[in-house]
Amino acid sequence: MTAELALWALVVLPGVVGASLCLTGHRSQRIAAPVSVLTAAAGLALAAVVGAAGPAVEVAFVAGASFGLAVDALSGLVVVTVAAVTLLVLVFAAGDVADGQARFHGLMLLFLAAVLVTATATTLVTLLLAWEVMGAMSYALIGFDWRQRGKPEAGANAFLTTRTADLGLYVAAGAALAGGAGLALADLPAASTGWRHAIAAGVLVAALGKAAQLPFSLWLSRAMEGPSPVSALLHSAAMVAMGGYLLLRTHDLLAATGWAAQAAAWAGALTALLLGAVAVAQRDLKQLLAASTSAQLGFVVLAAGLGAVSAGAAHFAAHAATKALLFLIAGAWLSALGTKQLSALRGAARRWPLVGVTAGVGALALAGVAPLALWATKDEVLAVALEQSPALYVVGLAAAGLSAAYAGKVLLLVWARLPADTEAGYDDKAGFDVEQAGTRRVGWLKQLSLVVLAAGAAVLGALALPPLREPLRGALDDTGSATSTPVELLASAVLALAVLAATAVLLRRRRLPRPAWLAGWLGLGTATQTLVIRPVWWLARALARFDDRVVDRAVEATATRTVDAARRLGDADVRGVDGLVEAVARRTRALGDLARRPQTGQLHEYYVQTVAVLALGAVLLIALG
Amino acid sequence: MLSLLVSFPLVVALGLLAVPRLPDPTARWVWVVSEAVVVLAVAGLWAAYDPDTSGLAFEEQVPWIPGIGSSYHLGVDGLSLPLLALTAVIFAAGAVYALREQQRPRVHAALFLFLQTTCLGLFVAQDLIVFFVFFDLSIVAMYFAIAGWGHGDAARSALKFFLYTFLGSLVLLLGFIGLYVAADPHTFDMVELSAATPLADRPVAGGLVLTAILVGLAVKTPTVPFHTWLPPAHTDASAVGSAVLAAVLLKMGTYGFVRIAMPMLPEAWRAFAWAIIAVGVVSVVYGALVALAQTDVKRMIAYTSVNHMGYVVVAVGAAGLVAADDPQARAVAVSGAITQMVSHGLITGALFLLAGVLYDRAGSYDLASFGGLAAPAPQLATAFALGAFASLGLPGFSGFIAEFQVFTGSIAVAPITAVALVGILVTAALFLNAFQRLFTGPTQGHSTGFTDLRRSELWSVGPLLALTIAIGLLPRPLLEVVEPAARTVVELVGR
């Protein structure tokens, strides 16, 4: 099988299988999980093949641009990571026997196809196509439990926010066509200057929206209404991460347009800082992980803005494994205990030891504890930041500290020691079975996927450490940027441990700060309602009223006025014109009556009339003669 | 060949009318079979058509009214062929849907076959009088379709539709007469007028004639502010009537832009380009916002038609901005406009047929009186979801292909048209809102006891959605026909 065929198969196979599962619905309920796991496994194998071979395919599509896919080092890494995480998530989901398995697995596979196209796209139109399909699958999966009020609405919120940001890609496409360089992603930096700014702006907005960076971060919070496997795949490892990927892919374009790289770097850094703080203030485990995702992707965006592609790619891969792991654990506890509130999950890690160990590994990795995944990758990014802008470095370091804080919060709470009787001693306000009936068990399929992901979370930091770092940088053409020195690595390890210790102390004294504005996601929800949603609805209703009462009434009034005018014209016709005709007839008749008057039948009167007429005639003759 | 194609439905219609005692099932199936014949014929035309030859294919010309220079002139090119195919497919879907028609199916079939003749004839007409005859006859046929088989306030809506669009057609006729008078020698032939561009050196006269033609076509399209006949006509028409009205009749207006206005009045068109773009952008944004506020699903879909046709107007307006000196971008815009005509026809036709299912089961289109409909009717939910996402321009459907080209081409030529992107955002909001209110949440109201799609409904809507997806994923077959025609139009407008 040639590599090109493998590339086509990689994107077509999940798409076709996914669509078939969705369309056959309940008829394929039983075979859905095995089929989807097999397809995902095939996808992983194909991803490995194309990652090694690096093929490229192209087919004419639309607007003079082609539908093109290509695998290079960056997309190879992304494709393999995403395929692996998808397989593990689907294995986990197969352990969940629930309604609508066919629809669920179908949508997940369609999503996988869309992500693979996004990661390998070579033209803007290919990218935009897959980008939007990802968003649609996200909507369908967040609102998966459509019978529940609120879940489809949360999905709509997520879809519409990302769609707003996606408009940037449409603008970028138009600007690219005008800029003369065409719609190929690699050629975008070559567009003419004015248009290049527009392209960069469009791409940046779209990427920030998809990666849930500020000011678009709220949708990720709403997306947590979806099932946990969805959160694990779409909203940690794959879809949101594609925002970061896009910026890594187009870092040349950002660099060529000076301001765009700066904007991306600062957007990433500030998001990492602020959303890290938001994460610390969360009480719901999934909300905390969502804020954390946004913050960690801030590091990837920061890396893209700084041009540190290999650091960003390494952090992407490490974060994917770690965050998917943590979300799946949250899902496991949710189905086992019926809650995702941290206060109720106190000590949950001790109940199922294997799950607990993987949770520990995940939390420690998230905190940036050496030698686990996110420790080294974060430092790679920060090293480049230090070289280019100390201010960014300070913000990044603070954000790293905050990530240790929120990861520590999770770690310490779930591993807290409990009194002997586990059900007693719980806070009355947040008990078990609050959100769904817990099954009190975690199946072996779920535990298997958790173990594999935990291994990834432990090991993927190697991508940023000397044995693998240099080959990766070489493959990604990123040999020029700075790397982290052993001193920096040691310092950050110490920082992580110090913050963990501080968090432990604060938690024990229940003094971990929780300001309302952070807990409420920086007030983004209220802001969106007041500034966007309510005005749009008001405008829509006002225009609808205007349409009915003014525009339509004008048309109806024209019609009624025309009928009135016709009636008046009709009256005028009857009274006026016809009246004139009738008057002429009457007058003529009157004249006729008058003309009859001399006919009296009296002979002497006829003589008088004759004499009168003769006299008149004589007078006339004399006068005219 | 073309005359046969155009007159075949009429012959079948006359045959149906001539046999008053024909049993209803036979009448319905006669219609379906004749539609199959038409679809096959158009498919044959498509296969035999060579996009690279310039000029018309399958041309037929016979002198008709020599005193006014009007001949019976038919022909197809890359502009008309996609619309012919659209007409064939939509009417076929309507015929399958109408297999459940209980009210006078024989007369219903005859009327729609007659309507199909007028639609096919208009898209192949190459003479302005022939065009006008079919234009007006289609209005007459649609009037009877709405008044005779509609519901609600059908008589009033039909009358409003008739008077408004008929008045528009008279203004259009004024424009045609203007072209005739200015041409030397006087003629109504489209090919000759496009070649001669009679009002090339008379900006004032050209402007007046173009205004008349634009007003006439704008009423048909419809653009803001001439659109208020559309919502009542759609709400009160039957499912098949609405589908045909939205999918085919509205395209007559936009087809007129690219077939008549742009090639025959290039100088005036270039002068009016910004005004046309403005009207288009307003239609896009206004249509989307007013649709968002609707609580009646058919009225909502009607306003989204205003929005979608607005994209076409923006694109053809942008094609007139020759100063930007970017023929490739302008050709992309026009190609997007034509693709949008086909795409909107397929998608909105499907959506109106699905709305008809709601009325058939529950007698209501009100969004608030349904809920959780996906439980009793999963097939309807899937079909509606596909239609809704197609209509909001999601990639994988033909709407994306069209809107991508429209925006890419228009933004490249006139960056201010990026304002119209708000339209795709608002459309997304309104369709998700409608889908959620109808299908998700607890099952309540009219949703209880709702029967899912029947076979005739599935087999009418299914092929339309399948075609939408086919064009969305594999657009080349359509674009190979459309792109050369778009390039020709752009060249003609640039003279």
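## A two-chain predicted model, helix by helix

Let's start with one helix: α5 of chain B (residues 128–149) has 22 residues and reaches 31 Å from its first C-alpha to its last, close to the 32 Å expected at 1.5 Å a residue. That expected span is 1.5 Å times one less than the number of residues in the helix. Helices (H or I, at least four residues) and strands (E, at least two) are DSSP runs, numbered from the N terminus. This is a predicted model, in which local features need pLDDT of at least 70 and side-chain atom pairs count only at pLDDT 80 or more, while totals for chains, interfaces and linings use all residues. Residues are numbered from 1 along each chain as its sequence is written, chains are lettered from A and ligands numbered from 1 in the order in which they are written, and side-chain values use heavy atoms, with hydrogens and water left out.

**The two chains**

- Chain A has 24 helices and two strands.
- With a radius of gyration of 39 Å, well over the 25 Å that the globule rule gives for 625 residues, chain A is more spread out than a compact globule. The radius is taken over C-alpha atoms, and the globule rule is 2.2 Å times the number of residues to the power 0.38.
- Along the principal axes, the C-alpha atoms of chain A fill a box of roughly 150 × 60 × 50 Å.
- Chain B has 18 helices and two strands.
- For the 495 residues of chain B, a compact globule would have a radius of gyration near 23 Å, and the 21 Å of chain B agrees with that.
- The box for the C-alpha atoms of chain B, again along the principal axes, is roughly 65 × 55 × 40 Å.

**Where the chains meet**

- Contact (heavy atoms within 4.5 Å) joins 58 residues of chain B to 47 residues of chain A.
- Together the chains bury about 4,400 Å², 72% of it on carbon and sulfur atoms. Buried area is the accessible area (1.4 Å probe) that two parts lose on being put together, summed over both.
- B:Y286, B:F404 and B:L425 supply 13% of the area that chain B buries against chain A, more than any other three residues.
- The interface holds four salt bridges, where a salt bridge is a side-chain nitrogen of Lys or Arg within 4 Å of a carboxyl oxygen of Asp or Glu.
- B:K160 and A:E556 meet through their side chains in a salt bridge, at 2.7 Å from N to O.
- Helix α16 of chain B (residues 421–439) gives ten residues to the side of chain B that touches chain A, the largest share.
- That side of chain B divides into 36 nonpolar, 16 polar and six charged residues. Here Ala, Val, Leu, Ile, Met, Phe, Trp, Tyr, Cys and Pro count as nonpolar, Asp, Glu, Lys and Arg as charged, and the others, Gly among them, as polar.

**Salt bridges overall**

- Over all chains, the count comes to 22 salt bridges.
- A:K340 forms a salt bridge with A:D284, their closest N and O atoms being 3.1 Å apart.
- This pair links distant parts of the chain, 56 residues apart: A:K340 sits in the loop between α14 (309–337) and α15 (348–351) of chain A, and A:D284 in the loop between α12 (258–280) and α13 (285–306).

**Backbone details to look up**

- The peptide bond from A:L214 to A:P215 is cis, with omega near 0°, and A:P215 is in the loop between α7 (193–210) and α8 (218–223) of chain A.
- In chain B, the peptide bond from B:T221 to B:P222 is cis, with omega near -15°.
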